[in-house]
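Have a look at the structure first, then try each task before reading on.

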Amino acid sequence: MTRAFNFCAGPAALPDEVLLQAQAELLDWQQRGISVMEISHRHAAFETMAAEAEQDLRDLLQVPDDYAVLFMQGGATAQFSLIPMNLLGKEASPLVACVNTGIWSNKATAEAARYAKTHIVADAQGFQNTTIPPMTEWDIPAQASYLHYTPNETIGGLEFHFVPEVESIPLVADMSSTLLSRPIDVSKFALIYAGAQKNIGPAGITLVIVRKDLLDRVMPSTPSVFNYQRIADNGSMLNTPPTFAWYLSGLVFKWLKRQGGLTAMAEINERKATKLYRFIDESDFYHNPIDPDCRSWMNVPFTLKDDTLDARFLQEAEANKLMNLKGHRSVGGMRASIYNAVPEQAVDALITFMKDFEKRCG
């Protein structure tokens, strides 16, 4: 069987090494004669694996000791509600500052508005979500309970290449499509969250990295199973966690370490993105609308000069084992998601196909 190159935005490509290891261990994990999916999360072997996965993640990101790492369920979308529920409990008149740069940040803002007043600090909609307003134009209220932003908009391909300086206001970031793609300074953030299905592992688990001094701010009405403090106190096993997703994520963390860690991944990811954008920019047939200073390393949207050729492009791409290139329904066109597990030869193969398609149809 020949593996296709998978450009899906999520659930996304997983490293072949990880899938092969999971395949080999599927029926007989640690020579126990059963699958990791069949063992209790209270079993010492599973607890050891879970602790090792957390430590590997801490090593990769250099997470400071004063941060809790939570393995949760519900996807990043659930965190749009759980973050205000866990951070606004001590606020008499809570105010959430929001940076809106696309669909996902807008959804987070709308959900935060169910729990607090929201203030739009900066809005890229006036620029059709193609650039990030400069921080000199941001209107950040000093009394904000926290500031939320989305470092990378998976759908639109708009990415921050800087961390906002917000002084004493807690900074909250949805890093679903950027976490583990490069080094970050965790200490600059009050809370980081990320759905797994981009660079972490399979869909079904969500990472929350939160400064421990914020764990006492939960709203009294927050269900216990969503209370960050209780989850931290119980090692993310307050209830049954998504055990197989946790196991696979742990394998991905070890794979990342074998690649040389996040500095090595950043070099590869930047090179992949630069190569693809350069080809698009030099073509009269393909176009990317995003400000070059704000282009995503992870998600590269592009359009064809003649959109009546879109269906043919996708059909021929799939025939060439270049999968899941259709753009999101809200923006159309194409989108190549080039996460950690998408090898550089996949980008080379895509460019070769795009050149040939342009030659024949341009």
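**Exercise 1.** Which residues line the second largest cavity, and which elements do they come from?

*Solution.* Start with the list: Q79, F80, I83, P84, C98, A108, T109, A112, Y146, H148 and Y193 line this cavity. Next, the elements giving two or more residues to this lining are helix 3 (75-87), helix 4 (103-112) and strand 5 (146-149); helices (H or I, at least four residues) and strands (E, at least two) are DSSP runs numbered from the N terminus. Helix 3 contributes the most, four residues.

A cavity here is a set of points on a 1 Å grid over the protein atoms alone where a 1.4 Å probe fits but cannot get out, and lining residues have an atom within 4 Å of a point. The model is predicted: local features need pLDDT of at least 70 and side-chain atom pairs 80 or more, while totals for chains, interfaces and linings use all residues. Numbering runs from 1 along each chain as its sequence is written, and side-chain values use heavy atoms, without hydrogens and water.

**Exercise 2.** How many disulfides are there, and is C294 buried or exposed?

*Solution.* Apply the cut-off, a pair of cysteine sulfur atoms within 2.5 Å: the count is zero. For C294, the nearest cysteine sulfur belongs to C98, 19 Å away.

Note on methods: On a 1 Å grid over the protein atoms alone, a cavity is a set of points where a 1.4 Å probe fits but cannot get out, and a pocket is an open set with protein on both sides within 12 Å along at least five of seven lines; lining residues have an atom within 4 Å of a point.
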